[in-house]
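Welcome! Take a moment to look over the sequence and turn the model around before reading on.

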Amino acid sequence: MEPRLGLHELLHVFSFLEARDLLCAAQVDKVWNEVSRTKELWRQLCLRRWSSCKASQMTLGTQTWKQYYLCRSELEFRMESGRPEKDFICKAIAGHEGGIDELAYISTNERRFDGQEKSVVCTVSSDSTVRAWDVQEGTEIWSSPLQPAALVNLVTYPRLQLVVTVDKLGLIKVWKAENGREWASFSLPTYSSALQACDHPEGPFLLAASAEGVLYALSVPQLQLLSRTSVFPSSPTSLLCSPDCQWVFASTQDSDLGPKVFYTRSLLCLVEDEPPVSTTLPIWLTSRACWAPDETARLMVMHRNNDSRQLAISTYELGAKQSQEGVDVVVQQIASFLLPDAMTPPHLMKGHGSQLILLVSGSELVLFTIQGLRLAAFQDHQKPVTSLWVDQSRVLTASFDLSLRVYVWNKENKFPVLKSCYHLLGGSHRWASGFTHVESDSMSIVGVEARSIGTSILRSYCFNMQHGSDDCVN
């Protein structure tokens, strides 16, 4: 008789196999089939392939880890292939009577494949309404009453199912995402130059910068004032919250005033007669900035060098150090490089992982490391790029040439390699002037298509699922 492996030994051997090998092993006999379906085997495969796939951040619903792996693999295969009708369905979604100024997903970014998945986006428009849309169905879920002024910006809190808007006069409102009912409001003295949604571990809050250079911290959802800090007097201020919501970067573009970084805890719990904890970075003429999404406090800033002639990108690590006087901000510059002289000043900037920077210059997309190594450049659009979306799986660009470009990451090398895949086309050039925004979740892509008559529509691309085809496993 041939020696047979016990279940424990078989499980140990199977733990070294990839997904396709496990599927083959399942066809050997009943015992191998049973062992190959072990929950822990497929959970480890998910964790190895998708670092963000932690049980504490996931809602599996009724699906198993095996079903999750197969479905997500199929979805990524279809998003990389991009075959019309076979891989995705395109829909034009109209409803606003003015131009759409901003959009954001309100559905959570959890990847669920148990039949309960649904993509919902919210939009604000010059027609003075905020609206929610079912992306898969291509229908409007709700619309707010007509507001006193045009709405110009919004942010969302998917975990709390809340939408926050601001109009051109500075009136901030919180809305319930399920039905569009107004929850609370707060008036800024002037229009808002920036909004940032922060889902802080100690409680969610909202940051709003006014045109007069003042930073407001407000509780969510009540919109109660937590602090008011003058940052750059009489200068519109931009804001960026770190991935862990512990830091806030504030800057005013092309100014001799150095950008500031605030420790958010000090904005939420101000000590009487003491300013919030902050530091000023030793650079000036700042133009763009972004955080490294895989690091808690790594900041990349584009600025002019010492003689103000060349653009440079400097990377900083931030930390908080407790002292007898309170909290001190510790800043360490870990990298810096000059952009090529021939490069048109970039107008869009995003980070990926912990080492990569994506820049858009005109119609060109360029990929650098934080040390300045140029990894790739893409010239896939005929007209300037208007919007850039970056996540763990892919990169999207929108352009005035009335197309979206889809790129996917290959992470098998030391540095991730970006692969240019395909265009998603908009409507007719006779009626449309191009895409102005693009965003995505795990199952869909949505772009804002500007019309020549001053209105906008949404154009959605929803990817088809057969719920776990083995053919898509690699």
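## A nonpolar patch

Which residues make a nonpolar surface patch of about 340 Å²? The patch is made by Leu 7, Val 28, Val 31 and Trp 32. Val 28 lies in the loop between α2 (19–25) and α3 (30–36).

This is a predicted model, in which local features need pLDDT of at least 70 and side-chain atom pairs count only at pLDDT 80 or more, while totals for chains, interfaces and linings use all residues. Residues are numbered from 1 along each chain as its sequence is written, and side-chain values use heavy atoms, with hydrogens and water left out. Patches are made of residues with over 30% relative accessible area and no salt bridge; like charges are joined within 9 Å, and nonpolar side chains (Val, Leu, Ile, Met, Phe, Trp, Tyr) within 5 Å. Accessible areas come from the Shrake-Rupley method with a 1.4 Å probe, and for residues only the protein chains shown count as cover.

## An open sheet

Now find the open sheet of 4 strands, which runs in the order β18-β19-β20-β21 with antiparallel pairing. β18 (284–291) and β21 (326–338) stand at the edges with a single partner strand each, so one side of each has no neighbour in the sheet. Helices (H or I, at least four residues) and strands (E, at least two) are DSSP runs, numbered from the N terminus, and two strands pair if DSSP finds at least two bridges between them.

Strand β20 (residues 311–323) pairs with β21 over 12 bridges. Thr 315 has Ala 335 in β21 as its bridge partner.

## Salt bridges

The whole structure holds 18 salt bridges, each a side-chain nitrogen of Lys or Arg within 4 Å of a carboxyl oxygen of Asp or Glu. In one of them, the closest N and O atoms of Arg 298 and Glu 317 are 2.5 Å apart. Arg 298 lies in strand β19 (residues 298–304) and Glu 317 in β20, so the pair ties together parts 19 residues apart in sequence. Arg 298 is buried at 10% relative accessible area, whereas Glu 317 is partly exposed at 21%. Buried means under 20% relative accessible area, exposed over 50%, and partly exposed in between (1.4 Å probe, protein chains only).

Glu 74 and Arg 78 also form a salt bridge, at 3.0 Å.
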